[in-house]
Amino acid sequence: FPSLFPEGGEEPRYNTADAALLLLHCVWIYYGRTGDAGFVRRAWPVMERIIAAYRQGTRHAIRMEPDGLISAGEGLDQVTWMDVCAEGHLPPRHGKPVEINAHWYNALRMMEELSALTAADGREYYGPGRAGLGELQPGVLDGG
């Protein structure tokens with residue numbers, strides 16, 4: 001999903017690690033307020049493609065690492081909401097940004113819950129063995 005729609009007819013910019021995860025959150029909020037299960041079922045294939053893309057990897061080195069967390073950014077990529085330029089310097093924010101991983105965890109949990117409205121098996125997102133999160137070490141995300 002675009003991170004910026006520039007003025008003057010320029011093409012949208014697609015350099016963000018959080019926009020697609022925030023879209024999933026919007027579907028969750030919409031369903032919670034409307035109960036429109038039909039909308040969720042229509043959106044489901046797109047939602048699954050978003051999760052698959054993060055798992056497999058996308059442009060700008062956005063990908064799920066073996067520990068189940070999302071890593072993002074390389075070079076001078078600015079892929080989080082903190083895409084700043086300070087005095088001509090682009091401070092890269094690569095690695096595993098905490099807010100991106102909070103959105104990722106949230107997206108997997110929402111997918112698990114919303115899967116009940118579809119024919120999908122929610123365990124793919126957060127069921128036994130935390131399959132959607134990869135092979136996490138105990139306590140990485142659950143505070144244990």
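1. The axes of helix 2 and helix 3 come within 11 Å of each other and cross at roughly 140°. Axes here are lines fitted to C-alpha atoms, for helices over the stretch in contact, and angles run from 0 to 180 degrees between N-to-C directions. The crossing of helix 2 and helix 3 is left-handed; the term applies if the near helix is turned anticlockwise from the far one by less than a right angle, and right-handed if clockwise.

2. On the basis of the note: this is a predicted model, in which local features need pLDDT of at least 70 and side-chain atom pairs count only at pLDDT 80 or more, whereas totals for chains, interfaces and linings use all residues. Residues are numbered from 1 along each chain as its sequence is written, and side-chain values use heavy atoms, with hydrogens and water left out.

3. The protein chain has 4 helices and 2 strands, and along the sequence they follow the pattern α-α-β-β-α-α. Helices (H or I, at least four residues) and strands (E, at least two) are DSSP runs, numbered from the N terminus. Of the 144 residues of the protein chain, 36% count as buried. Buried means under 20% relative accessible area, exposed over 50%, and partly exposed in between (1.4 Å probe, protein chains only). Among contacts between residues at least 6 apart in sequence, 52% join residues at least 24 apart, where contact means heavy atoms within 4.5 Å.

4. Which residues of helix 2 and helix 3 meet? Helix 2 contributes Val 40, Trp 44, Met 47, Glu 48, Ile 51, Tyr 54 and Arg 55, and helix 3 contributes Trp 104, Ala 107, Leu 108, Met 111 and Leu 114. By class, this contact has 10 nonpolar, no polar and 2 charged residues. In that classification Ala, Val, Leu, Ile, Met, Phe, Trp, Tyr, Cys and Pro count as nonpolar, Asp, Glu, Lys and Arg as charged, and the others, Gly among them, as polar.

5. The largest nonpolar core holds 24 residues, of which Leu 21, Leu 24, Met 47, Ile 51, Tyr 54, Ile 70 and Trp 104 touch the most other members. Helix 1 (19–34), helix 2 (37–56) and helix 3 (98–114) are the elements that give two or more residues to this core. A nonpolar core is a set of buried Ala, Val, Leu, Ile, Met, Phe, Trp, Tyr and Cys residues joined through side-chain atoms within 4.5 Å.

6. Val 27 lies in helix 1 and is buried, with a relative accessible area of 7%. Leaving aside neighbours within four places in sequence, Val 27 is in contact with Phe 39, Val 40, Met 47 and Leu 114. The C-alpha atoms of Val 27 and Met 110 are separated by 9.3 Å, although these residues are 83 apart along the chain.

7. Tyr 30, also placed in helix 1, is partly exposed at a relative accessible area of 34%. Beyond neighbours within four places in sequence, Tyr 30 is in contact with Gly 35, Asp 36 and Phe 39. The side chain of Tyr 30 makes a polar contact with the side chain of Asp 36 (3.0 Å). A polar contact is a pair of N or O atoms within 3.5 Å; within protein, one must be able to donate a hydrogen and the other to accept it, and residues adjacent in sequence count only if both atoms are side-chain atoms. From Tyr 30 to Val 40 the C-alpha distance is 9.0 Å, at 10 residues apart in sequence.

8. Glu 48 is found in helix 2 and is partly exposed, with a relative accessible area of 30%. The C-alpha atoms of Glu 48 and Ala 120, 72 residues apart along the chain, are 9.8 Å apart.

9. Apart from neighbours within four places in sequence, Asn 101 is in contact with Leu 69, Ile 70 and Lys 96. Asn 101 and Ser 71 are 30 residues apart in sequence and 8.4 Å apart in space, C-alpha to C-alpha.

10. Most residues other than glycine have a negative phi. His 60, in the loop between helix 2 and strand 1 (63–64), has a positive phi near 65°. Ala 61 lies in the loop between helix 2 and strand 1 and has a positive phi of about 60° although it is not a glycine. At 13% relative accessibility, Ala 61 counts as buried.
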